[in-house]
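The sequence and structure are shown first.

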Amino acid sequence: MTTGGRLASLATILTLAAVAPRSADAATFEQGRYSLGVSGGGGRSTANIGLGFGYMVVDGLQPSISVGYRWVGADYGDSHQVETKLELRYYIWEFTYVAPFIYVNGSHVFLAFRGTPTEDHNFFRAGGGAGLAFMISRGIAFTINFGASAWLGADQSLYDRGILEEPPLLDYGFGLSFLL
């Protein structure tokens with residue numbers, strides 16, 4: 001699938017989710033609530049951890065900002081990444097114990113590659129995916145998510161030398177959110 005096709009598919013999913021009915025009992029992800037979260041995750045030879053803050057601008061729609069650290073290991077060196085991410089998450093439905101969501105995000109990544117050669121870079125990344133929030137209580141949710149992303153504007157030589165992974169970057173994550 002081409003990049004244009006992926007974007008069209010994502011736009012269609014977001015549009016359908018925006019018009020999907022929400023439960024009348026939906027109170028956990030209601031407008032005006034804040035969220036604080038801790039997260040972790042990984043992918044192919046990666047591990048990450050992060051902290052985030054979000055706000056429900058309308059029922060179910062949450063923009064957020066997070067900062068995280070990611071390690072990517074390889075035979076010829078490791079990269080250490082500090083990522084600042086903006087995300088827009090939409091909780092499609094809210095059931096008693098689970099709420100599915102979709103998200104899109106963009107981020108700035110500072111990458112320090114330690115191997116042969118040693119070098120530092122600044123990049124942008126964009127992606128999206130879906131997940132589930134499992135309600136531990138009305139104010140605490142355990143989340144899992146799966147998504148894909150790509151580097152924006154990266155030079156092909158960085159892929160050729162193995163400093164960056166070839167897109168799509170398949171990621172998974174988990175988190176604990178405290179809804180205030």
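## A buried charged pair

Arg125 and Asp171 are both buried (under 20% relative accessible area with a 1.4 Å probe, counting protein chains only; exposed is over 50%, and partly exposed lies in between). The two residues form a salt bridge whose closest N and O atoms are 2.6 Å apart; the term denotes a side-chain nitrogen of Lys or Arg within 4 Å of a carboxyl oxygen of Asp or Glu. Arg125 lies in strand β6 and Asp171 in strand β8, so that the pair links distant parts of the chain, 46 residues apart. Arg70 joins Arg125 and Asp171 in a network of salt bridges.

The model is a predicted one, in which local features need pLDDT of at least 70 and side-chain atom pairs count only at pLDDT 80 or more, while totals for chains, interfaces and linings use all residues. Residues are numbered from 1 along each chain as its sequence is written, and side-chain values use heavy atoms, with hydrogens and water left out.

## Other salt bridges

A search of the whole structure finds 5 salt bridges. One of them joins the side chains of Glu119 and Arg161, at 2.9 Å from N to O. This pair also links distant parts of the chain, with Glu119 in strand β6 (residues 119–137) and Arg161 in the loop between α2 and β8, 42 residues apart. Glu119 counts as buried because its relative accessible area is 14%, whereas Arg161, at 38%, is partly exposed.

The side chains of Arg89 and Glu87 meet in a further salt bridge (3.1 Å, N to O). Arg89 is buried at 11% relative accessibility, and Glu87 is buried at 13%.

## Glu83: buried without a salt bridge

Glu83 is found in strand β4 (residues 77–91). Glu83 is buried yet has no salt bridge, and the nearest side chain of opposite charge, Arg70, is 4.2 Å away (Lys and Arg count as positive, Asp and Glu as negative; His and the chain ends are not counted).

The side chain of Glu83 does make a polar contact with that of Ser107, at 2.6 Å. Such a contact is a pair of N or O atoms within 3.5 Å; within protein, one must be able to donate a hydrogen and the other to accept it, and residues adjacent in sequence count only if both atoms are side-chain atoms. Leaving aside residues up to four places away in sequence, Glu83 touches Ser66, Val67, Gly68, Arg70, Ser107, His108, Val109 and Arg125 (contact means heavy atoms within 4.5 Å).

## Nonpolar cores

The largest nonpolar core has 11 residues, among them Val109, Phe123, Trp151 and Leu164. A nonpolar core is a set of buried Ala, Val, Leu, Ile, Met, Phe, Trp, Tyr and Cys residues joined through side-chain atoms within 4.5 Å. Strand β5 (98–115) and helix α2 each supply at least two residues of this core, and the largest share, 3 residues, comes from β5. A second, separate core of 10 residues includes Phe29, Tyr91, Phe101 and Tyr103.

## Overall organisation

The chain contains 2 helices and 8 strands; these are DSSP runs numbered from the N terminus, with helices (H or I) of at least four residues and strands (E) of at least two. Of its 180 residues, 38% count as buried.

A cis peptide bond, with omega about 0°, joins Pro167 and Pro168. Pro168 is placed in the loop between α2 (156–160) and β8 (169–179). In general, most peptide bonds are trans.
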